[in-house]
Amino acid sequence: MSVPFSGTLRRSGGIVSAIGKQLKSINLKGVKRITVQFDPFAENVKSTREFFFLLSTPKVIQTNPKCVVKSDIVCDRQAASIKFALIDSAQEQAKVKEIRFNSGNLNTLELLELCNKHVSSLAPPEEVTNKVLTKAEKQKLGGDSKKALKKK
């Protein structure tokens, strides 16, 4: 007699896939400046440095090329912190000028989740742009008017 199967068929992707999933949904359009401050000799600084690295990847920077990402490396044994200075429309929406995370006891995944929850949600909605028509679509739309002009 065999034991019936119970559980999942696949394992979860783990921490790396969870970080990748959170990283894909980061949107910095509501942010003017990001300042990451940490003491490199402190104990719990690794996750802050990893978060700083992930913020400087090309895909994240593409969400807002005007956003300045700056690091302040200090040697005063302060806890690591990340400060997001918001644009004017995001300030009105959130009713604050900046968002500050004290990242001393947070891991990289938690920092990304907090960033998505509090910062990415403040991004202004994207403006609808005109759709680029293909040649075939232009002929379908404009084909009738050309025939009418030739008949005259």
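**Chat about strands, a helix pair and a loop residue**

Mentor: Start with L122: at a relative accessible area of 8% it's buried, meaning under 20%, where exposed is over 50% and partly exposed in between (1.4 Å probe, protein chains only). Bear in mind this is a predicted model, where local features need pLDDT of at least 70, side-chain atom pairs count only at pLDDT 80 or more, and totals for chains, interfaces and linings use all residues. Residues are numbered from 1 along each chain as its sequence is written, and side-chain values use heavy atoms, with hydrogens and water left out.

Trainee: Where does L122 lie?

Mentor: In the loop between α5 and α6 (135–151). Helices (H or I, at least four residues) and strands (E, at least two) are DSSP runs, numbered from the N terminus.

Trainee: And what does L122 touch?

Mentor: Skipping residues up to four places away in sequence, L122 touches G30, L86, A90, Q93, A94 and I99. Contact here is heavy atoms within 4.5 Å.

Trainee: OK, strands now. Which sense does β1 take with β3?

Mentor: Antiparallel: β1 (residues 31–38) and β3 (residues 81–86) pair over six bridges. For two strands to pair, DSSP has to find at least two bridges between them. In that pairing Q37 stands opposite S81.

Trainee: What about β1 with β2?

Mentor: That pairing is parallel, over six bridges, with β2 covering residues 68–73. There, R33 stands opposite V68.

Trainee: Back to S81, is that one buried or exposed?

Mentor: Buried, at 7% relative accessibility. Beyond its neighbours within four places in sequence, S81 is in contact with T35, V36, Q37, R100, F101, N102 and S103.

Trainee: Switching to helices: how do the axes of α1 and α5 cross?

Mentor: At roughly 20 degrees, and the axes of α1 (residues 15–24) and α5 (residues 108–118) come within 9 Å. Those axes are lines fitted to C-alpha atoms over the stretch in contact, with angles from 0 to 180 degrees between N-to-C directions.

Trainee: So what do you call that arrangement of α1 and α5?

Mentor: Roughly parallel, since angles under 35 degrees count that way, over 145 as roughly antiparallel, 65 to 115 as roughly perpendicular and the rest as oblique.

Trainee: Which residues make the contact?

Mentor: I15, A18, I19, Q22 and L23 from α1, plus T108, L109, L112, E113 and N116 from α5.
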